[in-house]
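User: I am new to this structure and would like to go through it with you. Could we start with the aromatic rings?
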Amino acid sequence: MSPRDAAARIAELGSFVDPVDFSKVEHLHICEREIPANFADMVAGMAPETVTLNGALMTASDIAALLHFPSLRGIVAHHMDFASTLLPAIVKSSDLRSIAMSHTSITDTDVTVLANRSGLTSIHFAGTRLTDIAMTTFGTLPDLELLDVSDTHVTNDGLHQLRDLRNLFTINARGTSVTADGANGFRRLVANSLPDVEVLV
């Protein structure tokens, strides 16, 4: 497939790219339900910093095609059936900073691949199957600044698993069992280490 044909097909899938120099693509959006069979060829030569896959249906080979991106810093894959397969694959990207996989079937077991991972600053897992067990994993992420676990099964006890973090600014716990009293209790607990932390309930 020629670069011009690939650019035209990618445009149909939701992104506009320069057919002259694919290396300049910073943000790749694939939002069509059906990913073409030659997807890997289409994205060859690209080095995007962020990839958005909302609504896309992908195979194992499609996921493998994403792994060659040397500068991948963020991935958005909301409402994805394959999120639990994609997560352990993308964490191999050394520069990964942001993961957004809300409204997927992600579980506590799935997120254990993130344990002790440095560099991760933003995590969005709203509307997933996560519980307080996942919060134990998130509590090991030294650079975490924003955590969205809204509409999950997290409770007040789960908040306490984040007490050792030092860079956290925002926790979105709306639609969970976290209460206003629980949020205030957490703020008091970390008043010295995280004086500006915001807990949304």
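Analyst: Rings of Phe, Tyr and Trp (its six-membered ring) pair if their centres lie within 6.5 Å; planes under 30 degrees apart count as stacked, over 60 as edge-to-face and the rest as tilted. The model is predicted, so local features need pLDDT of at least 70 and side-chain atom pairs count only at pLDDT 80 or more, while totals for chains, interfaces and linings use all residues. Residues are numbered from 1 along each chain as its sequence is written, and side-chain values use heavy atoms, leaving out hydrogens and water.

User: How many aromatic pairs does the rule give?
Analyst: The count comes to one aromatic pair. The ring centres of Phe125 and Phe138 are 6.1 Å apart and the planes are at 25 degrees, so this pair is stacked.

User: Are Phe125 and Phe138 buried or exposed?
Analyst: Both Phe125 and Phe138 are buried (under 20% relative accessible area; exposed is over 50%, partly exposed in between, with a 1.4 Å probe and protein chains only).

User: On to helix α7: which residues are buried there?
Analyst: In α7, residues 180-189, the buried ones are Gly182, Ala183, Gly185 and Phe186. Helices are DSSP runs of H or I with at least four residues, strands runs of E with at least two, numbered from the N terminus.

User: Where are Asp181 and Arg188?
Analyst: Asp181 and Arg188 are exposed, on the other side of α7.

User: What do the buried residues of α7 pack against?
Analyst: They pack against α6 (156-159), β7 (170-172) and β8, where contact means heavy atoms within 4.5 Å.
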